[in-house]
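I opened this notebook to keep track of what I looked up, one topic at a time. The structure comes before the entries.

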Amino acid sequence: MAAATSHLTLDSEYQTVRLAVLGAPGVGKSSIVRQFVMQQFPEEYVPTEQRQVFCPAVIINEHLYEVRIIDCPYIPYFPVNSLYEWTDFRGYGLRNATAYVLVYDITSEDSFEYIKSLRLQILESRSRQDVPIFVVGNKHDLAEERGVPRREVANMVKKQWKCGYIECSAKFNWHIMLLFKELMKSIDFIDYGHKPTSMRVQDALRRNRCVIL
Ligand SMILES: Nc1nc2c(ncn2[C@@H]2O[C@H](COP(=O)(O)OP(=O)(O)OP(=O)(O)O)[C@@H](O)[C@H]2O)c(=O)[nH]1
Ligand SMILES: [Mg+2]
C-alpha cells in the first residue's frame with residue numbers, strides 16, 4: 001500500500017462504492033475503519049451512536065474508486081424492506097450498499113452468531129444473491145482467547161457462503177490493508193472483469209487521501 005501524491009496520470013472516471021461495516025457491539029468495526037483511513041487506534045471504547053461515513057479514494061488494478069465506508073452503529077436487524085429502513089433510521093440506505101463487511105470478534109461466539117443471522121437477512125432483503133459479503137474475524141491479537149474455531153469458520157464462510165474471509169487485528173494494524181485489498185479486488189472484478197481500463201485519478205488525488213492497494 002502507498003499513500004499517493006499526485007503523480008499518477010490516467011484518464012477516465014472513478015466509481016463510487018458503498019461499503020457497509022456491520023457487526024455486534026464492540027467487535028471493532030470503528031477501529032478497523034479508523035485504522036484503514038487514519039492509521040489510528042483508540043484503546044478507549046466509544047460505542048458508535050450514529051453512522052459515520054469515511055470517503056477515501058482507492059486505486060486497485062489501476063481503477064480508481066471513491067469508497068464510501070459506512071461505519072454503522074449496532075443494528076438489531078438488517079432492514080429487509082423500505083418500511084424497516086424508515087422505522088429505524090440506523091439501517092437507512094443499507095440495502096443499497098455495494099458490499100458488506102461483517103465483523104465478528106474471534107473471542108466471542110455470540111458475535112459470530114450475530115453476523116450469521118445478519119447475512120441471512122441481507123440475502124433475504126437483496127434480490128441479488130451475489131452481493132459481495134466479506135467476513136472479518138477481528139482481535140486476532142487475542143487468539144489465545146479464541147471462542148470460535150478458525151478452520152471451521154473459514155471453511156464454512158468460503159465454501160458454503162462463498163464469501164471472503166480474513167482475520168485481522170485493528171489494534172496492531174495487522175491484515176487491515178489486506179482486508180480492504182481483497183474486498184476491493186472482488187468488487188473490481190465484478191465491475192471490470194478482466195478488461196483493462198485506464199482512469200483519471202489526479203482530481204481525486206488532489207481532493208482526497210488516496211490509497212493504492
Ligand atoms: N485487543 C483488541 N482490541 C480491539 C481490537 N479492535 C478493537 N478493539 C477494542 O475493542 C473495543 C471496541 O472497539 P470499536 O471499534 O469501538 O467497536 P465497534 O464494533 O465499533 O463497537 P460499536 O460502535 O459499539 O458497535 C475498543 O476498546 C477497542 O479498542 C483489536 O484488534 N484487538
Ligand atoms: Mg463503532
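Before starting, I wrote down that two residues are in contact if their C-beta atoms, placed from the backbone, lie within 7 Å. I also noted that this is a predicted model.

**Entry: contacts of one residue**

I looked up Val136 and left aside its neighbours within four places in sequence; the residues in contact with Val136 are then Ile32, Val101, Leu102, Val103, Ile166, Cys168 and Leu179. For the chain as a whole, I took the contacts with a separation of 6 or more and found that 74% of them join residues 24 or more positions apart.

**Entry: the partners of β2**

I followed strand β2 (residues 15–23) and found that β2 pairs with strand β5 (residues 63–71) in the parallel sense, over 7 bridges. As one example of a bridge, I wrote down Arg18, whose partner in β5 is Arg68. With strand β6 (residues 99–105), β2 also pairs in the parallel sense, over 5 bridges, and here I noted that Leu22 has Leu102 as its bridge partner in β6.

I asked how many of the 10 residues of α1 are buried. The count is 7, so that the helix is mostly covered, taking buried to mean 20 or more other C-beta atoms within 10 Å. I listed the buried residues of α1 as Lys29, Ser30, Ser31, Ile32, Val33, Gln35 and Phe36. After α1 comes Gln39, which has a positive phi, near 50 degrees.

I then turned to ligand 1, which has 21 residues around it, and noted that Gly28, Ser31, Tyr45, Pro47 and Thr48 come nearest. Helix α1 (residues 29–38) supplies the largest share of this shell, with 3 residues. By type, I recorded 8 nonpolar, 8 polar and 5 charged residues in the shell.

I found Asp130 in the loop between α3 and β7, and Asp130 counts as exposed because it has 9 C-beta neighbours inside 10 Å. I placed Lys162 in the loop between α4 (150–160) and β8 (164–167); Lys162 counts as exposed too, because it has 10 C-beta neighbours inside 10 Å. Asp130 and Lys162 are 32 residues apart in sequence, and I noted a C-alpha to C-alpha distance of 9.0 Å between them.

Lys162 is not a glycine, and yet I read a positive phi of about 60 degrees for it. Asn173, not a glycine either, has a positive phi of about 50 degrees, and I located Asn173 in the loop between β8 and α5. Is Asn173 buried, exposed or partly exposed? Asn173 counts as partly exposed, because 16 C-beta neighbours lie inside 10 Å.

Technical notes. Residues numbered from 1 in each chain as written. Chains lettered and ligands numbered in written order. Predicted model: local features only at pLDDT ≥ 70, side-chain atom pairs only at ≥ 80, totals over all residues. Near = placed C-beta within 6 Å. Helix = DSSP H or I, 4+ residues; strand = E, 2+ residues; numbered from the N terminus. Nonpolar A, V, L, I, M, F, W, Y, C, P; charged D, E, K, R; others polar. Pairing = 2+ DSSP bridges. Buried ≥ 20, exposed ≤ 12 C-beta atoms within 10 Å, placed from the backbone.
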